[in-house]
Amino acid sequence: MKVHNFSAGPGILPADVLKQAAEACINFDNMNLSLLEISHRSKNYEAVMDESRNIIKELFEVGDDYEVLYLGGGASLQFAMVPLNLLSENGTAGYVNTGVWATKAIKEAKMLGNINVLASSEDKKFTYIPKNYEIPAGLDYIHLTSNNTIYGTQIKEFTQTNVPLVCDMSSDIFSRKVNAKDFTLIYAGAQKNMGPAGSTMVMVKKDALGKTGRKLLSMLDYQVHIKGGSMYNTPPVFPIYVTLLTLKWLKANGGIAWIEKINQQKADLLYNEIDRNSLFYGTVNKEDRSYMNVCFLMNKPEMEAEFDKFWKAANISGIRGHRDVGGYRASLYNALPLESVKVLVDVMQDFEKKFA
Ligand SMILES: *Cc1c(COP(=O)(O)O)cnc(C)c1O
């Protein structure tokens, strides 16, 4: 039975990737050993690590002025590591507050230095992306969240500035083309759009590091991890491997140009239905709508229980909204096929025919 998995995170992975991952648990690389029981210093695993670093640079089209790390602690640890490594002792960083994750990033950074919240969409429950805000001189960096997983908004055009840009791309990394060279640091927890939970990718421009005047604990210092080739300590070997398989799947199928088109088709199909269907409405500003997380509500919330029966009968999973927004959230991550969105749209149309 095929389940249409719209989970917001951990999210859907390609079926082929799951098969290869399962095989690696039994017999990795024809070693007759499980990936889970070999040294991370083994030649076979070192090759995984090298390939995992390189494929990020390849997909982002950046050169050797950037380093790639895979760290534990989730994207949430990066809320702390970013200011620890980039905010100088008496400096100020700018943050744009577009939701729960950005709020958490701000909270951590405030414990370490001066934070200037340049713009916020909290006044309208994070249903839009603030634009054209002023950028004061002398900021150490600006922190953005490219896609707001909970509210379903997405930055379509990034701020043009000379200030170093840092971006949490956890829920839309490699879903569309971005100009990665415009960013000093990009991070993403793998479990939304590129792998399982347990590893977080950090790509950082080398020359931005070592300038804060702050003494850092080794595990919190990007430079220590860079020097160790992301193996200063034992890395999350299995999540890194499954992330590599997922990125190789993306590359083999046509890369970001290929997936961007499909992601656009999926989002257009669903948003068009939300706008057309008399029983539903979208929750965010149209021009800021996320192509990854589609949030929508029912005009008559008392009909939700009935609608839930409908989509469950169609083997749809994971579309209940986040508790902060309610209603529904369909996550259309890279591995979700267009066919699954068609099934959801059919269900919405059948439901309208029966109940409108
Ligand atoms: C899920 C998410 C996080 C938190 O990730 P963890 O790996 O659970 O720490 C941070 N930022 C964004 C945009 C997310 O979607």
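**Figure 1. Ser230, a buried loop residue.** Ser230 is buried in this predicted model, with a relative accessible area of 2%. That value falls under the 20% cut-off for buried residues. Ser230 sits in the loop between helix H5 (222–227) and H6. Its phi is near 65°, a positive value in a residue other than glycine. Most residues other than glycine have a negative phi.

Figure 2. Asn315 is not a glycine, yet its phi is positive, about 60°. The residue belongs to the loop between helix H8 (304–313) and strand E13 (316–317). Asn315 is partly exposed, and its relative accessible area is 24%. Ser230, by contrast, is buried at 2%.

**Figure 3. The cis peptide bond between Gly9 and Pro10.** Gly9 and Pro10 are joined by a cis peptide bond. Omega is about -10°. Most peptide bonds are trans. Pro10 is placed in the loop between strand E1 (4–5) and helix H1 (15–26).

**Figure 4. Surroundings of Ala197.** Ala197 lies in the loop between E9 and strand E10 (200–205). With a relative accessible area of 42%, Ala197 is partly exposed. Neighbours within four places in sequence are set aside here; Ala197 is then in contact with Pro10, Gln191 and Pro239. Val242 is 45 residues from Ala197 in sequence. In space, the two C-alpha atoms are 9.9 Å apart.

**Figure 5. The open sheet of seven strands.** Seven strands make up an open sheet, ordered E2-E10-E9-E8-E5-E3-E4. The pairing is mixed. Strand E2 (66–71) and E4 are the edge strands, each pairing on one side only. From one strand to the next, the twist averages 20°. Helix H4 packs on this sheet and touches E3, E4, E5 and E8. The direction of H4 makes about 160° with that of E3.

**Figure 6. Pairing of E8 with E9.** Strand E8 (residues 165–168) and strand E9 (residues 185–189) run parallel. Three bridges join E8 to E9. Asp168 has Tyr187 in E9 as its bridge partner.

**Figure 7. The buried face of helix H4.** Helix H4 spans residues 100–110. Within H4, Ala102, Ala105, Ile106 and Ala109 are buried. Seen down the axis of H4, the buried residues fall within an arc of 100°, so they line one face of the helix. Their cover includes helix H3 (74–86). It also includes strands E3 (92–97), E4 (114–120) and E5 (142–145).

**Figure 8. Crossing of helices H6 and H7.** Helix H6 covers residues 237–253, and helix H7 covers residues 255–276. Their axes come within 6 Å and cross at roughly 85°. H6 is therefore roughly perpendicular to H7. On the H6 side, Trp249, Leu250, Lys251 and Asn253 make the contact. On the H7 side, the contact residues are Gly255, Ile256, Trp258 and Ile259. By class, the residues of this contact divide into five nonpolar, two polar and one charged.

Conventions
Residues are numbered from 1 along each chain as its sequence is written. This is a predicted model: local features need pLDDT of at least 70, side-chain atom pairs count only at pLDDT 80 or more; totals for chains, interfaces and linings use all residues. Side-chain values use heavy atoms; hydrogens and water are left out. Buried means under 20% relative accessible area, exposed over 50%, partly exposed in between (1.4 Å probe, protein chains only). Helices (H or I, at least four residues) and strands (E, at least two) are DSSP runs, numbered from the N terminus. The arc is that of the directions from the helix axis to the C-beta atoms. Contact means heavy atoms within 4.5 Å. Axes are lines fitted to C-alpha atoms, for helices over the stretch in contact, and angles run from 0 to 180 degrees between N-to-C directions. Angles under 35 degrees count as roughly parallel, over 145 as roughly antiparallel, 65 to 115 as roughly perpendicular and the rest as oblique. Ala, Val, Leu, Ile, Met, Phe, Trp, Tyr, Cys and Pro count as nonpolar, Asp, Glu, Lys and Arg as charged, and the others, Gly among them, as polar. Two strands pair if DSSP finds at least two bridges between them.
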